[in-house]
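Here is a short tour for a first look. Keep the sequence and the model side by side as you read.

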Amino acid sequence: MDQLRIKDLEIFAFHGLFPSEKELGQKFVVSATLSYDMTKAATDLDLTASVHYGELCQQWTTWFQENTEDLIETVAYKLVERTFETYPLVQEIELELKKPWAPIHRPLDTCSVTIHRRKQRAFIALGSNMGHKMANLQQAIDKMQARGIHILKESSVITTEPWVVWSRIALPIKSLKWKPGCQLQSC
């Protein structure tokens, strides 16, 4: 997979657990590797088939400064998630967020966290044999979408005979094709 690397983007912001960090602010440093297919951009000279790294750096700066978070893990996670949302062609991101002015009162080059996420495609089968079966299926789909799962395609509902003797209730089944983008860890 082709890769775009951005190294040591400095952003001043107000993240941290201590009140002084939220009041005075400090420097953070972002480095990332974004993986995606660059063939169309390279062969057609089409910037829309690529990631405009100048715009991405400006977006990261804006997103970084929009809110104040206690943990750099939260900031890094949100940067990765918003990058995936904004650039659907990106298939994988490894992002390191450094906090060189971490208030630990000891000699230190930097503290950092690294988040590595890769989009995955999955096929999901749902079933319901209790209560309002169709409503249960729709509720499951709604909850997946609320968690960031992009559903590409839904099958029709198939009702099957019970698989075991003690169950006399027909079981409606629906399958879904899941769009790359949702991380299995967040599902």
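A residue counts as buried when its relative accessible area is under 20%, as exposed when over 50%, and as partly exposed in between. That scale applies to K99: its relative accessible area is 10%, so K99 is buried. The model is predicted.

**K99 and its surroundings**

K99 belongs to strand β3. What does K99 contact, leaving aside neighbours within four places in sequence? The partners are H15, G16, E21, Q26, K27, F28, I72, T110 and C111.

**F64 in helix α3**

F64 sits in helix α3. Its relative accessible area is 2%, under the 20% cut-off, so F64 is buried. Residues up to four places away in sequence aside, F64 touches I11, A13, H15, F28, V30, V75, L79 and L97. H15 and F28 are among the contacts of F64, and they are among those of K99 as well. F12 and F64 are 52 residues apart in sequence, but their C-alpha atoms are 8.7 Å apart in space.

**Helix α4**

Helix α4 covers residues 72-86, 15 residues in total. From first C-alpha to last it reaches 21 Å, close to the 21 Å expected at 1.5 Å a residue. Its buried residues are I72, V75, A76, L79, V80, E81, T83 and F84.

Which elements do the buried residues of α4 pack against? They pack against β2 (26-35), α3 (53-66), β3 (92-99) and β4 (111-118). Another, I72, is in contact with K99.

**Cysteines and accessibility**

A disulfide is a covalent bond between the sulfur atoms of two cysteines. The structure holds zero of them. C57 is buried, whereas C111 is partly exposed. The table sets out the accessibility values.

| Residue | Relative accessible area | State |
|---|---|---|
| F64 | 2% | buried |
| K99 | 10% | buried |
| C57 | 17% | buried |
| C111 | 27% | partly exposed |

Notes
Residues are numbered from 1 along each chain as its sequence is written. This is a predicted model: local features need pLDDT of at least 70, side-chain atom pairs count only at pLDDT 80 or more; totals for chains, interfaces and linings use all residues. Side-chain values use heavy atoms; hydrogens and water are left out. A disulfide is a pair of cysteine sulfur atoms within 2.5 Å. Buried means under 20% relative accessible area, exposed over 50%, partly exposed in between (1.4 Å probe, protein chains only). Helices (H or I, at least four residues) and strands (E, at least two) are DSSP runs, numbered from the N terminus. The expected span of a helix is 1.5 Å times one less than its number of residues. Contact means heavy atoms within 4.5 Å.
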